[in-house]
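Please look over the sequence and the model shown here before reading the report. The headings that come after it take up one topic each.

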Amino acid sequence: PNEERSFSYEDMDKLREYCLKDRKKPHASMILVAMETGMRIGELAALRKSDVDNEYIWVHRQQIIGYDNESCKNRQVQYVEYTKNERANPRGGRIVPITEGCRTALKIASELPGESEFLFHHPDGSPVIKDSYEYYLRRRCKTLGIKISHNHAFRVAFNARLIEAKL
């Protein structure tokens, strides 16, 4: 059932409150944007400032992590110009409209210290790696007593809100 795969409104309120207090961390701003857009982890990590317009976010790339075949070490981070569902059938990405809640989350992300082409970056300008975001989200959920702790739950919740709004 959706209740077991999706963050509840109460869970999202707890996470939002925590992230607003921790807003100087790029992982916190990623959570805020994930809540408002339902974007996948790899899409969030690959999001560049140039992909954000006044009215929409152009989602058309993702961050992929690969490992050395022989030792399964040596993490290799790549950015590809397609989303998960467009690998075999490219359609130029998708457009996510910017709501007021999303606009607020994007503003917080734009205020992160440091310079980078990536929206979510560390003070030295390096982009956030999706594994570190996932780890941050899992720890925050555990701290706040939230049973679900994966980013996909934002996607399910976002889609449920769209259905409730009859979109």
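## Basis of the model

This is a predicted model, in which local features need pLDDT of at least 70 and side-chain atom pairs count only at pLDDT 80 or more, while totals for chains, interfaces and linings use all residues. Residues are numbered from 1 along each chain as its sequence is written, and side-chain values use heavy atoms, with hydrogens and water left out.

## The nonpolar core

In soluble globular proteins, nonpolar side chains tend to be buried together. A nonpolar core is taken here as a set of buried Ala, Val, Leu, Ile, Met, Phe, Trp, Tyr and Cys residues joined through side-chain atoms within 4.5 Å; buried stands for under 20% relative accessible area, exposed for over 50%, and partly exposed for what lies in between, with a 1.4 Å probe and protein chains only. The largest such core has 37 residues, and the members that touch the most others are Phe7, Ile57, Phe120, Tyr133 and Phe154. At least two residues of this core come from each of α2 (9-21), α3 (26-37), α4 (41-46), β1 (56-59), α5 (100-110), α6 (130-144) and α7 (152-164), and α3 gives the most, with 7 residues. Helices (H or I, at least four residues) and strands (E, at least two) are DSSP runs, numbered from the N terminus.

Contact means heavy atoms within 4.5 Å. When neighbours within four places in sequence are left aside, Phe120 is in contact with Pro26, Ser29, Met30, Val33, Leu44, Leu47, Ala109, Leu112, Pro127 and Val128. Leu44, which lies in helix α4, counts as buried because its relative accessibility is 0%. Not counting residues up to four places away in sequence, Leu44 touches Met30, Val33, Ala34, Met39, Phe120, Tyr133 and Asn151. The C-alpha atoms of Leu44 and Ile31 are separated by 9.3 Å, with the two residues 13 apart along the chain.

## Cysteines

A disulfide is a covalent bond between the sulfur atoms of two cysteines, and the criterion applied here is a pair of cysteine sulfur atoms within 2.5 Å. The structure holds 0 disulfides. For Cys102, which is in no disulfide, the nearest cysteine sulfur is that of Cys19, 14 Å away; Cys141 is likewise in no disulfide, and the nearest cysteine sulfur to Cys141, that of Cys19, is 8.9 Å away. Cys102 counts as buried because its relative accessibility is 0%, and Cys141 counts as buried at 0% relative accessibility.

## Salt bridges

Side chains of opposite charge can pair when their charged atoms come close. With a salt bridge defined as a side-chain nitrogen of Lys or Arg within 4 Å of a carboxyl oxygen of Asp or Glu, the structure holds 12 salt bridges. One of these joins Arg61 and Asp51, whose closest N and O atoms are 2.6 Å apart. Arg61 lies in the loop between β1 and β2 (62-66) and Asp51 in the loop between α4 and β1, so this pair ties together parts that are 10 residues apart in sequence. Both Arg61 and Asp51 are buried.

Glu100 and Arg103 meet through their side chains in a salt bridge of 3.7 Å, N to O, and, being 3 residues apart in helix α5, they are separated by about one helical turn. Glu100 is exposed, with a relative accessible area of 60%, whereas Arg103 is partly exposed at 32%. In the salt bridge between Lys107 and Glu111 the closest N and O atoms are 2.5 Å apart; Lys107 counts as partly exposed at 49% relative accessibility, and Glu111 counts as partly exposed at 46%. Asp13, Arg16 and Glu36 are linked in a network of salt bridges.

## Other residues of note

Where is Arg48 placed? Arg48 is in the loop between α4 and β1, and it is buried, with a relative accessible area of 17%. Leaving aside neighbours within four places in sequence, Arg48 is in contact with Arg61, Tyr79, Glu117, Phe118 and Leu119.

Gly101 lies in helix α5 and is partly exposed, with a relative accessible area of 31%. The C-alpha atoms of Gly101 and Glu36 are separated by 6.4 Å, although the two residues are 65 apart along the chain.
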